[in-house]
Amino acid sequence: MKIEVSGKGGCGKSTLSVLLARSMKKLGYRVLLVDGDESNIGLENMAGIKEPVHLLDYLGGKKEFKAMLNQTMMAGNPAGLFSGKQTIDDLPRECIASADDGLEMLVIGKIHHIGEGCACPMGVLSKKFLSSLETGEKEVVLVDAEAGVEHFGRGIVGECDLILGVIDPTAESFQLAQKMTDMAVKADKKICFVLNKVEPAIESVMKQKLGSATVIGAIPKDHSIFMESLEGRKLTKTLPEADEICRKILTDHGSDRL
Ligand SMILES: Nc1ncnc2c1ncn2[C@@H]1O[C@H](COP(=O)(O)OP(=O)(O)OP(=O)(O)O)[C@@H](O)[C@H]1O
Ligand SMILES: [Mg+2]
């Protein structure tokens, strides 16, 4: 199963990705956490994983990859490298780093230089990578997306089985939830939401603002999560709420409830 974790900037996508990845691991799944954010750099710290070789760098860097894209595009198959099907075990070993708990991580690629050009090659690489990657019954690929909806526009979400929207208590999050839902429905993609940074007094207000959207859980606003992020430490918090969300995703996947 491939899940894209989406939402507005700072809503908690990376935090949720790590919390859910750990919970899924505990439930006996093999989990590949994919850093699909070409700008932000904090995921490996949060996951406590030493950064692997980025997939884009493994392929020779952005310039080389762009040249390859142009060549393969002419042949009608952008980035032909990922044209066949592959499993997690087929991926280049250098590009996968593991945490002590067995959680695995892959980074698509990052922007490094002023004036290096747009991030479209990373978008194409993400899309091709996800479309070619096949997951087994007990495998989950969790993609921590960049902020906003660029990965919707690029069609990356189309390669995932489920879009998981993270909603923090801001008006922008609720507006974005509506937009994400509209786009997902049009593309016939499953979408559900998790509330984040929730305080008891506002949980019902948040749910109400989301209207008929499917909300599968709520993560409380938590001081230790915030402090670990502030200090750039590994996220150590485990939450029963995250376990419950994972159970829902893993058991309801394939049903109409998500
Ligand atoms: N449940 C929570 N309780 C307290 N703080 C939280 C919670 N979830 C996230 N945060 C804090 O919110 C901030 C943003 O979190 P995070 O980096 O996970 O968001 P993001 O959506 O990945 O951001 P970006 O769009 O920049 O990638 C961090 O300081 C993080 O510690
Ligand atoms: Mg992030």
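**Before you start**

You are looking at a predicted model, where local features need pLDDT of at least 70, side-chain atom pairs count only at pLDDT 80 or more, and totals for chains, interfaces and linings use all residues. Residues are numbered from 1 along each chain as its sequence is written, chains are lettered from A and ligands numbered from 1 in the order in which they are written, and side-chain values use heavy atoms, with hydrogens and water left out.

**Stop 1: ligand 1**

Select ligand 1 and show the residues around it, those with a heavy atom within 4 Å. There are 21 of them, and Lys-13, Ser-14, Thr-15, Asn-40 and Asp-222 come nearest. By class, this shell holds seven nonpolar, eight polar and six charged residues. Here Ala, Val, Leu, Ile, Met, Phe, Trp, Tyr, Cys and Pro count as nonpolar, Asp, Glu, Lys and Arg as charged, and the others, Gly among them, as polar.

Next, look at the polar contacts, which are pairs of N or O atoms within 3.5 Å. Which residue has a side-chain N or O atom 2.9 Å from a nitrogen atom of ligand 1? Select Asn-196 to see that pair. At Asp-222, a polar backbone atom is 2.8 Å from a nitrogen atom of the ligand. Ile-225 also takes part through its backbone, with an N or O atom 3.5 Å from an oxygen atom of ligand 1. On its own, ligand 1 has 630 Å² of accessible area, and the protein covers 85% of that (Shrake-Rupley method, 1.4 Å probe).

Now colour helix H1 (13-26), strand S7 (190-198), strand S8 (215-220) and helix H9 (223-230): these are the elements that give two or more residues to the shell. Helices (H or I, at least four residues) and strands (E, at least two) are DSSP runs, numbered from the N terminus.

**Stop 2: the largest pocket**

Hide the ligand and look at the space around it. Rolling a probe the size of a water molecule over the atoms shows where empty space is left. On a 1 Å grid over the protein atoms alone, a pocket is an open set of points with protein on both sides within 12 Å along at least five of seven lines, while a cavity is a set where a 1.4 Å probe fits but cannot get out; lining residues have an atom within 4 Å of a point.

Ligand 1 sits in the largest pocket, meaning that more than half of its atoms lie within 2 Å of the grid points. This pocket has a volume of about 550 Å³, the space filled by probe spheres set on the points. Among its 29 lining residues, select Gly-10, Gly-12, Thr-15, Lys-197 and Ser-229, which lie nearest the centre. H1 supplies the largest share of the lining, five residues.

**Stop 3: the second largest pocket**

Move to helix H7 (171-186), which together with S7 supplies at least two residues each to this lining. The volume here is about 160 Å³.

**Stop 4: the cavities**

How many cavities of 30 Å³ or more does the structure hold? There are two. The largest has a volume of about 60 Å³, and helix H5 (120-132) and strand S5 (139-145) each supply at least two residues of its lining. Select Glu-4, His-151 and Arg-154, which are among the lining residues.

The second largest cavity has a volume of about 30 Å³. Return to H1, which gives the most to this lining, with four residues. Finish with Lys-237 and Asp-243, also among the residues that line this cavity.

Key: Polar contact = N/O pair within 3.5 Å; in protein donor to acceptor, adjacent residues only side chain to side chain.
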